[in-house]
Structure formats: C-alpha cells, structure tokens
Amino acid sequence: MNNSRIFLLIVSFIVFLLLQILVLKNLVLFGTAFCFLYVLYILLLPIEIKTVPTLIIAFVLGMGIDLFYDTLGVHTASILAVAFVRRRWIKMITPRGGYDDDLQPSVLNMGFGWFFTYSIPLVLLHHIFFFYIDNLGTGLFLFVVQKIVASAIFVFIMSIIVQLLFYRRRRGI
C-alpha cells in the first residue's frame with residue numbers, strides 16, 4: 001500500500017467519524033431505523049488488510065463515536081465484532097482465482113450482488129450486537145428485531161448511495 005492510499009484512508013476515516021458525529025447522530029427514521037454509516041468505513045477497507053490492523057482501526061473509530069454518543073463502549077464492541085469477522089467472511093466468499101492486490105470491496109469494483117453478499121451479514125452482525133447490548137434485559141425482543149432489520153436496510157441503502165456519489169471505480173490494466 002502506497003503513501004497516497006494511506007493518506008486517503010486517514011482522510012476518509014476522519015470524514016466518516018465527523019459525518020457520523022455531526023450529521024448522522026440524530027438521523028432516525030420513524031424512531032426505528034438508525035443510520036450507523038461508520039460501519040461502511042470498515043467494510044470498505046482494502047481486502048488485503050489483516051485482522052489486527054482492522055481491529056485497531058475499528059477500536060479507534062468505535063471509541064471516537066462512543067465518546068460523542070455517551071454509549072460507554074456499545075459502538076466499540078459492535079464495530080470490533082464486525083472487524084473481527086470481516087477477514088474470515090472475505091475468505092469464505094473469495095472465488096478460486098482470488099482478488100487483485102489493494103482492491104477496495106465496493107459496489108463499483110465488485111458489483112452489486114457481491115457487495116450485497118459481503119455487506120448485509122456484517123451490517124446485521126453490527127446491528128445485532130449494538131441493539132442487544134443497548135437493550136440488554138428489557139424484554140422488548142420484537143422491537144429490537146424491528147430496529148435491527150430497519151437499521152440494516154437503511155444503512156445498506158445509504159452505503160450504496162454514498163459509494164455511487166463519492167467513490168470511483170478502480171481502473172483495470
């Protein structure tokens with residue numbers, strides 16, 4: 001990974017963190033669908049990044065969001081679960097030929113079907129961890145499931161929109 005790519009990852013980290021804290025914190029549809037778009041940052045990290053650096057990045061991102069949301073580690077635990085499972089999930093859905101080096105797993109690079117298969121389970125994992133930790137012991141099972149499904153759909157749609165508006169397709173050789 002070259003220096004310009006690392007600089008771009010740092011800038012996008014700051015943008016995702018500030019966007020989540022300043023804009024998306026209060027974006028809730030019908031009191032049910034929450035927009036946790038910061039999950040997209042972890043999903044869009046290059047495929048070749050190993051698990052430990054991904055966990056470190058996820059920890060810093062989660063702690064930054066928890067600091068401003070006053071959630072005492074709920075976002076950190078949820079995004080760490082996604083970061084821990086991400087590499088294994090990529091290995092499970094990798095075709096026989098593998099992927100190119102330094103490839104970003106986005107809709108524009110991989111296609112809608114692949115991105116759907118890649119992102120939906122990870123977004124659902126994040127939301128299951130987040131909402132069950134947040135509502136631990138309240139007995140509102142159906143309401144929590146409704147929040148999980150609605151928020152996952154909302155985040156997936158928003159992630160597609162963000163990728164189509166702000167990301168470029170990687171050019172072939």
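## Aromatic rings

Rings of Phe, Tyr and Trp count as a pair here if their centres lie within 6.5 Å. In this predicted model, such ring pairs link Phe-112, Trp-114, Phe-115, Phe-116, Tyr-118 and Phe-156 into a cluster.

The structure holds 15 aromatic pairs. Take Phe-13 and Tyr-41: their ring centres sit 5.5 Å apart with the planes at 75 degrees, so this pair is edge-to-face. It ties together distant parts of the chain, with Phe-13 in helix α1 and Tyr-41 in helix α2, 28 residues apart. Both Phe-13 and Tyr-41 are buried.

## The nonpolar core

Now for the inside. The largest nonpolar core has 50 residues, and Phe-36, Tyr-41, Ile-42, Leu-61, Phe-115 and Tyr-118 are the ones with the most contacts inside it.

Have a look at Ile-42. Setting aside neighbours within four places in sequence, Ile-42 is in contact with Thr-54, Ile-57, Ala-58, Leu-61, Ile-79, Val-82, Ala-83, Arg-86 and Tyr-118.

## A patch on the surface

On the outside, Ile-6, Ile-10, Ile-14, Leu-18, Leu-19, Leu-22 and Val-23 make up a nonpolar patch, with about 620 Å² of accessible area together. Val-23 belongs to the loop between α1 and β1. Its relative accessible area is 52%, so Val-23 counts as exposed, the cut-off being over 50%.

Tyr-167 turns up in the segment after α7. Not counting residues up to four places away in sequence, Tyr-167 touches Phe-16, Leu-44, Gln-104, Leu-108 and Val-162. The C-alpha atoms of Tyr-167 and Leu-108 are separated by 7.9 Å, though the two are 59 residues apart along the chain.

Definitions and conventions
Residues are numbered from 1 along each chain as its sequence is written. This is a predicted model: local features need pLDDT of at least 70, side-chain atom pairs count only at pLDDT 80 or more; totals for chains, interfaces and linings use all residues. Side-chain values use heavy atoms; hydrogens and water are left out. A nonpolar core is a set of buried Ala, Val, Leu, Ile, Met, Phe, Trp, Tyr and Cys residues joined through side-chain atoms within 4.5 Å. Buried means under 20% relative accessible area, exposed over 50%, partly exposed in between (1.4 Å probe, protein chains only). Contact means heavy atoms within 4.5 Å. Patches are made of residues with over 30% relative accessible area and no salt bridge: like charges are joined within 9 Å, nonpolar side chains (Val, Leu, Ile, Met, Phe, Trp, Tyr) within 5 Å. Accessible areas come from the Shrake-Rupley method with a 1.4 Å probe; for residues, only the protein chains shown count as cover. A salt bridge is a side-chain nitrogen of Lys or Arg within 4 Å of a carboxyl oxygen of Asp or Glu. Helices (H or I, at least four residues) and strands (E, at least two) are DSSP runs, numbered from the N terminus. Rings of Phe, Tyr and Trp (its six-membered ring) pair if their centres lie within 6.5 Å; planes under 30 degrees apart count as stacked, over 60 as edge-to-face and the rest as tilted.
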